[in-house]
Every structure is written in C-alpha cells, then in structure tokens.
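Biologist: Hello! Could you walk me through the side chains of this protein?
Modeller: Gladly, let us look together.

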Amino acid sequence: MRRRTVDMLSGPLLPNILLYALPLIASGLLQLLYNAADLIVVARFTGGTALAAVGSTGPLVNLIVNVFIGVSVGAGVAIARAFGAGNRKDIHESVHTAMGISVVSGIVTMVIGFIIAPYALQWMGSPPEVIDQSTLYLRIYFLGMPAMMVYNFGAAILRSVGDTKRPLYILALAGMVNVALNLVLVIVFHLGVAGVAIATTASQVISAALVVVCLVRADGIYRYHIRKTRIYKDKLLEMLRLGIPAGIQGSIFSISNIVIQSSINSFGAAAVAGSAAAGNIEGFVYVAMNAMYQTCMAFTAQNVGARQPARLKKVLFACLGLVTAIGLTLGMLVYFCGEPLLSLYTSASANTGTVSNADILARGMERLAVIATTYFLCGIMEVLVGAMRGMGSSWTPMIVSIAGVCGIRIVYIFTVFAFLYHTLTSLYISYILSWTVTAAIHAVCLFVKHKKTVRELSVTEGQ
C-alpha cells in the first residue's frame with residue numbers, strides 16, 4: 001500500500017502534491033479522450049451534422065449525472081478524513097456504503113436519462129437536423145450509467161487514500177478499447193452515432209470491472225468485500241451532507257450551460273459543431289485544473305482528519321500556484337494551436353451536409369479566443385472550493401457558486417447578450433465574468449472557514 005499511495009500527512013508538500021496530481025491529470029485527460037474519440041471519429045467519417053448531434057449532448061448528460069457524481073465527491077472526502085485519522089471501522093463502513101450507493105445511483109440515472117432524453121433535447125432547442133441522432137446517442141450512453149457510477153465511486157475511494165495511479169492505468173486500458181471500438185463500429189459497420197455510444201458504454205463497463213477488482217484485491221484497510229456491501233445510515237448521511245451540495249452545484253451549473261447551449265443552438269448547426277469541438281479541446285485544459293481541485297480537497301481532508309492545521313495553508317497556496325501555472329500554459333497553448341486541433345473534428349470532405357469545415361473552424365476559434373485563454377480563473381475558483389470542501393464545508397461553496405456562476409451567467413444572457421451584444425463572443429464573455437466574481441467571494445469565505453477550522457483543531461489537539 002505504501003508504494004501505491006502518496007503520503008499526504010508528512011514529508012515535502014510540493015513533491016507529494018505533484019506525485020498525487022500528475023496521475024490524476026493524466027486520468028482526466030484519458031477520460032476526456034472517450035468523448036474526444038467519439039467526436040473526432042463521428043465527424044471525420046459521418047459528418048458535421050453527426051458532430052453537432054454528439055457534441056451538443058454534454059450539458060444534458062451533466063445535468064442528470066452531476067448530483068450523483070457530487071455524492072462520490074462526498075464519499076471521497078469522508079474516506080480521506082477517516083484515513084487521515086486512522087479509523088479502520090469508519091473506513092470499512094464508508095467504502096462499502098460508497099459502493100452500494102454507486103449501484104443505486106447508476107440505475108436511477110440510467111432510467112431517468114433514457115426516458116427524458118428526447119424531451120430535454122427539444123426543450124434545449126436542438127437543431128431539427130440533429131435531434132434524432134442526439135436522442136439515439138444519449139439513450140445508448142445512459143445504458144452505461146451503472147458502470148460509470150461504479151467506476152467513479154471506486155476511483156474516489158482509491159484517490160481518497162492517496163492512490164491515483166491505478167485509476168490512471170484503468171482508464172488507459174479502457175480508453176484504448178474505446179478508440180478501437182469507435183473505429184470498428186463507425187468505419188467498418190457504419191453505425192454512426194450509435195457506434196460511438198456503444199464504444200463509450202463498453203469502455204465504461206471495463207473501467208467499472210477493473211476498479212472493483214482493485215478494491216477487492218487491496219491489501220490495505222480500504223479493501224472491499226462485495227458480499228459485505230451495505231449502506232450504513234450514518235455514513236450515507238455524512239456522504240450526502242458533503243456531496244449533495246457539490247452535486248446540486250454541478251447540476252445547476254449544467255442548467256446555466258444548457259441555457260448557454262440553447263443560445264449557441266440559435267446560431268445554427270455550424271456554431272453548435274464549432275462550439276462542441278472547441279469545448280472538447282478546452283476540456284483538456286479543464287481536467288488538469290480540476291485535478292488540482294481534487295488534490296487540494298484530498299490533502300486538506302486528510303490533514304483535517306489527522307488534526308494538522310499547520311499544513312492547510314501550505315496545501316492551499318501550493319495548489320493555487322500550480323493551477324494558475326497549468327491553466328495559463330495549457331490555455332495559451334490550446335489557443336495558438338487552435339486551428340490544427342479543431343481540424344481534427346472536421347469531416348474528410350470540404351463540406352458535409354449543411355455544415356462546412358470553414359464555418360466549424362471559425363466558430364471554434366471564436367470560442368477558444370475567449371475561454372481557453374482565461375480558463376486559469378476557473379481553476380483558481382475550483383481550488384478555493386476544494387479547500388473548503390476538504391475542511392468539511394459544502395453548502396457555503398455551493399450557494400456562492402450557484403449565485404456567482406449560474407446567477408451571473410443567466411442574468412448576463414437575458415440582458416447584455418439578449419439586448420446589447422448578441423454575438424457568440426459576447427456569450428462566451430459570461431464565463432470570464434462569472435469565474436472572476438465567484439473566485440473573489442470564495443476567497444473571503446475560505447479565509448473565514450480556515451480560521452474557524454484551525455481554531456477547532458487546535459482546541460481538540462490541546463485536549
């Protein structure tokens with residue numbers, strides 16, 4: 001176990017943060033390749049309309065699954081604190097509760113997503129030429145939800161104890177299967193969007209099976225016994241307390257993104273395809289910053305559990321520095337390499353259907369110029385949230401994030417965008433505004449929470 005996990009409680013902080021974060025970043029990149037492979041293959045071998053059909057489904061998927069993904073975040077924090085405290089009973093009960101929740105949440109999301117997919121797409125104003133293909137893609141995709149949830153909860157357990165390498169290895173294998181199946185099902189069997197959905201679902205099943213094997217064979221106190229799977233009420237409530245606010249926040253973020261996606265849809269299929277391609281490229285920047293959010297949360301939670309308040313501020317500033325450097329470097333790199341990257345998402349012919357390659361490239365670069373270059377602001381905002389959640393505060397960052405990010409974006413769209421500057425660039429500026437304001441408010445809240453946490457831990461230690 002020592003060789004597989006990173007020591008978050010002692011030793012030099014920055015090297016350990018990097019040892020933890022780098023496999024996490026690589027895992028996020030590989031997971032994003034699932035969707036990237038879908039988009040690239042379907043665009044180059046089926047066409048721009050199919051690209052729009054697959055690419056426009058992201059906000060809707062996130063809306064449905066984010067509540068349960070948030071609970072997996074809560075499970076990770078609860079297990080990290082128990083691990084830091086060395087409490088074997090709490091770790092055992094939390095692990096088995098988390099895996100029980102994963103199965104239940106997977107079945108629920110599968111049923112909900114399968115039923116509401118066509119109605120939600122109509123509500124979003126998806127272009128008529130893509131809605132049937134989008135519905136087919138979503139329904140196959142949601143069949144893989146139980147596997148997706150098992151993997152996410154299982155990976156959260158491994159990461160909470162400092163193991164970010166095995167989730168990386170699992171995703172590497174599943175990602176190769178996903179790409180191979182994409183090529184076979186789309187090129188050989190001509191299944192189009194159905195083929196990429198089947199490939200993604202199959203890769204999720206492989207990921208789930210492998211993460212369960214890792215937990216069953218673990219030689220540490222977090223070992224999982226399938227027959228002992230049980231949802232312990234107190235552990236469930238703790239995970240819900242920590243995770244539900246994160247899930248609600250993610251889902252409401254998705255609502256604001258659906259509003260934005262609906263606004264993008266009004267500019268036509270070329271704008272939808274270009275934005276989908278650019279958004280997928282930006283995702284490679286975002287997962288690196290999100291890894292720092294998860295790193296800050298895990299390190300903070302373990303040190304709170306071990307009652308080591310002196311390390312909390314050091315963890316925060318190390319993560320803030322890293323996320324700023326990563327966000328700026330990758331964001332600018334993505335922008336300057338934007339056209340060749342976006343060209344990967346265009347079809348082999350010059351024009352396919354009603355969407356031309358030139359239009360897709362132009363619309364994609366318009367988005368990258370605004371969002372990719374300033375994405376580090378989102379990273380700063382998320383690290384601040386990670387620190388608060390690691391200290392056990394989940395409702396405050398949820399409320400601030402909903403009011404700051406979603407509120408500002410929605411108000412902006414229905415005022416500035418609707419009546420003053422009705423352009424795609426103006427629409428994308430709402431991201432920058434919301435990140436900046438929300439990060440500033442989070443910083444104030446974290447200052448107050450940090451003082452309170454240090455005082456509580458110091459009193460406990462003195463006793």
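**A walk through the side chains**

Modeller: Val 111 is partly exposed, with a relative accessible area of 41%. That label covers values between buried (under 20%) and exposed (over 50%), with a 1.4 Å probe and protein chains only. This is a predicted model, in which local features need pLDDT of at least 70, side-chain atom pairs count only at pLDDT 80 or more, and totals for chains, interfaces and linings use all residues. Residues are numbered from 1 along each chain as its sequence is written, and side-chain values use heavy atoms, leaving out hydrogens and water.

Biologist: Which helix holds Val 111?
Modeller: Helices here are DSSP runs (H or I, at least four residues), numbered from the N terminus. The one that holds Val 111 spans residues 88–123, and is helix α4.

Biologist: About how much accessible area does the nonpolar patch with Val 111 have together?
Modeller: A patch gathers residues with over 30% relative accessible area and no salt bridge, nonpolar side chains (Val, Leu, Ile, Met, Phe, Trp, Tyr) being joined within 5 Å and like charges within 9 Å. Areas come from the Shrake-Rupley method with a 1.4 Å probe, and for residues only the protein chains shown count as cover. Besides Val 111, the members include Phe 114, Tyr 119, Leu 143 and Ile 231, and the patch's accessible area is about 1000 Å².

Biologist: Which charged residue sits over the ring of Phe 114?
Modeller: The test asks for NZ of Lys or CZ of Arg within 6 Å of the ring centre and within 35 degrees of the ring normal. Here the charged end lies 4.9 Å from the centre of the Phe 114 ring, and belongs to Arg 139.

Biologist: How many residues apart are Tyr 20 and Phe 299?
Modeller: The structure has 7 aromatic pairs. Tyr 20 and Phe 299 make an edge-to-face one, 5.7 Å centre to centre with 90° between the planes. Tyr 20 is in helix α1 (residues 13–45) and Phe 299 in helix α10 (residues 269–305), so this pair links distant parts of the chain, defined by DSSP runs, and the separation is 279 residues.

Biologist: And what counts as a pair of rings?
Modeller: Rings of Phe, Tyr and Trp (its six-membered ring) are compared by their centres and planes. Planes under 30 degrees apart are stacked, over 60 edge-to-face, and the rest tilted; the centres must lie within 6.5 Å.

Biologist: How many disulfides does the structure hold?
Modeller: A disulfide is a pair of cysteine sulfur atoms within 2.5 Å. The sulfur of Cys 378 is too far for a bond, because the closest cysteine sulfur, in Cys 406, is 12 Å away. Cys 378 is also buried, at 5% relative accessibility. The count of disulfides is 0.

Biologist: Is Glu 93 buried or exposed?
Modeller: Glu 93 meets Lys 89 in a salt bridge (3.0 Å, N to O), meaning a side-chain nitrogen of Lys or Arg within 4 Å of a carboxyl oxygen of Asp or Glu. Both lie in helix α4, 4 residues apart, about one turn of the helix. Lys 89 is exposed at 54%, whereas Glu 93, with a relative accessible area of 9%, is buried.

Biologist: What separates Glu 238 and Arg 241 in helix α9?
Modeller: Their salt bridge has its closest N and O atoms 3.2 Å apart. Because they are 3 residues apart in helix α9 (residues 233–265), the separation is about one helical turn.

Notes: Helices (H or I, at least four residues) and strands (E, at least two) are DSSP runs, numbered from the N terminus.
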